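Visitor: I would be grateful for a close look at one part of this model. Please take a single residue as the starting point and then move to its surroundings along the chain.

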Amino acid sequence: MAEPWYQSAIVYCLDVRTFADGNGDGIGDFAGLAQHLEHLAGLNISCVWLQPFFPSPLRDNGYDITDYYAVDPALGTLGDFVEFMRRARERGIRVVIDLVVNHTSTDHAWFQAARADRNSPLRDWYVWSDAKPEDAEEGTVFPGSQQTTWTWDEKAQAYYFHRFYDHQAELNIAHPAVRREIEKITGFWLELGVSGFRVDALPFLLELQGLPREGQRIAFGYLRELRQHVQTLRGDVCLMAEANITPEEVPSYFGDGDQIHMSFSFWLNQHLFLALARGDARPLRQAWEELPALPSWCRWAHFLRSHDELDLGRLSEAERQEVFRAFGPEPEMQLYGRGLRRRLAPMLGNDARRLALAHSLLLTLPGTPVLRYGDEIGMGEDLSLKERASVRTPMQWSRAPNGGFSSAPAERLRLPVISGGEFGYEEVNVDAQRADPESLLNRLERMLRLRRQCPAFGLGSCCFLDLGTPPLLAMRCEYEGKTYFALHNLGEHPLELALPPEASCAGLYDLLAGQPLETHCDGSCWLALEPYGYRWLRAG
């Protein structure tokens, strides 16, 4: 059988509101996004993940939805969405969208009906309690911004549950009508051509807080139910889970390969940054070895940065402080005591070597790489903005006003474009980097092209090698009868290493340099890696 498309995909995450403004009103839209599809095609992207673009009061960047069947009018119409889909399809780019059904906005018509009448059929679509539960102050997702998970509603004369902000009321998936509505939502967007869904906050969706035990038993069974539904409607669909889980929890989410298709590798991501902070590959290698093998056709989605903070909550307190000291030592760089609200480039000191190394790691780890918009040019953050908005500033296209994002006056932009300094749009933009053969954009484009042409790192059978050098991450992959190696020096000093005998005997070809490596007269192959250097090699 042919491998599912998502196993060899290169995914690019963007927020329509901050990517490109096509009508000059200061807000990104589908018209602007469609005009910049050539940028994504040129970057060798094969799938775009769109963050929420639905109608919303925007108290949480669109994750507080009021209508699951429409496009926010500021971003365009359903017709504009369909036109964008057509243009993406012509360029071989699939589209995955956010499925945010753990909660709705309290402004949603469902919640308004539920709070207005205890006898409403929508009342049980949410989770209520007449008395405030004793653990109401426990388990908040946003400590400091959120004091409780249960809020009193005067109109309903009851407390409603919300794992996130109080304006995001929790849906009750134990209710058959809620599950049926989710089927309708997914079916609607599948009919419009999307290839899958990034399932937001999946562990909380399955939590079923405040329900009796018989309700709890359906939680993970629901994943199988959802998978069966979407795959019946579209055979090549992909469910990509946002699930910050431990290795022990992994089997519950993937099942026997009949639940989710992919999950973001938060466990590996956090240990990757610990490894980068130490200049020592062992935390990353150990984290990978702790993860159980996935069922056939299932996949990890690897990432460097996302639209949220860099969550370090799975590290020990001492490990977390190491990462803070290396990549976010100032209090304003940190968030909730567990993460960093920073972009990748400033965290790595805007060092071209370390940025290229990090992306090489992303593209060679066994799994599907997910890039965040703006990271391909090394965009920075705006720490003057509140909380996670610091990493959500508009895309920087050129030296034109507003970085070419919008022709509107700067004061009309929802978030300001970064201006001035080493990360300002005047210095960091797509146009400038296109003209520089050695820019991050062009180096990454070449790596992404090779990654698509040589899928061994994504599809091969891979294992990590211990060559006795802590800063070295060495990986061997077997694919279609050939052996490949990915070598990364996470340290600030050069390394010299000997590759395993099977590599030396077969001869080695440097894929990135496009030339063979020399072997010594005794048949051995010694290789030098500069500080933060990396090589992709093929044996034979």
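Does Trp297 count as buried, partly exposed or exposed, and at what relative accessibility?

Guide: The model is a predicted one. In it, Trp297 counts as partly exposed, because its relative accessibility is 38%, and partly exposed means a value between the 20% limit for buried and the 50% limit for exposed. The residue is placed in the loop between helix 12 (282–290) and strand 12 (299–303). Its backbone deserves attention too: Trp297 is not a glycine, yet it has a positive phi of about 75 degrees.

Tyr336 also has a positive phi without being a glycine, here of about 60 degrees. This residue sits in the loop between strand 14 (334–335) and strand 15 (339–340). With a relative accessibility of 16%, Tyr336 counts as buried. A glycine with a positive phi, of about 65 degrees, is Gly279, which comes just after helix 11.

Helix 11 itself covers residues 266–278. Its 13 residues reach 19 Å from the first C-alpha to the last, close to the 18 Å expected at 1.5 Å a residue. Eleven of the 13 are buried, so the helix is largely enclosed by the rest of the structure. Among these buried residues are Phe266, Trp267, His271 and Phe273.

Glu248 lies in the loop between strand 10 (238–241) and helix 10 (250–254), and it counts as exposed because its relative accessibility is 65%.

Methods
Residues numbered from 1 in each chain as written. Predicted model: local features only at pLDDT ≥ 70, side-chain atom pairs only at ≥ 80, totals over all residues. Heavy atoms only, no water. Helix = DSSP H or I, 4+ residues; strand = E, 2+ residues; numbered from the N terminus. Buried < 20%, exposed > 50% of the residue type's maximum accessible area, 1.4 Å probe, protein only. Expected span 1.5 Å × (residues − 1).
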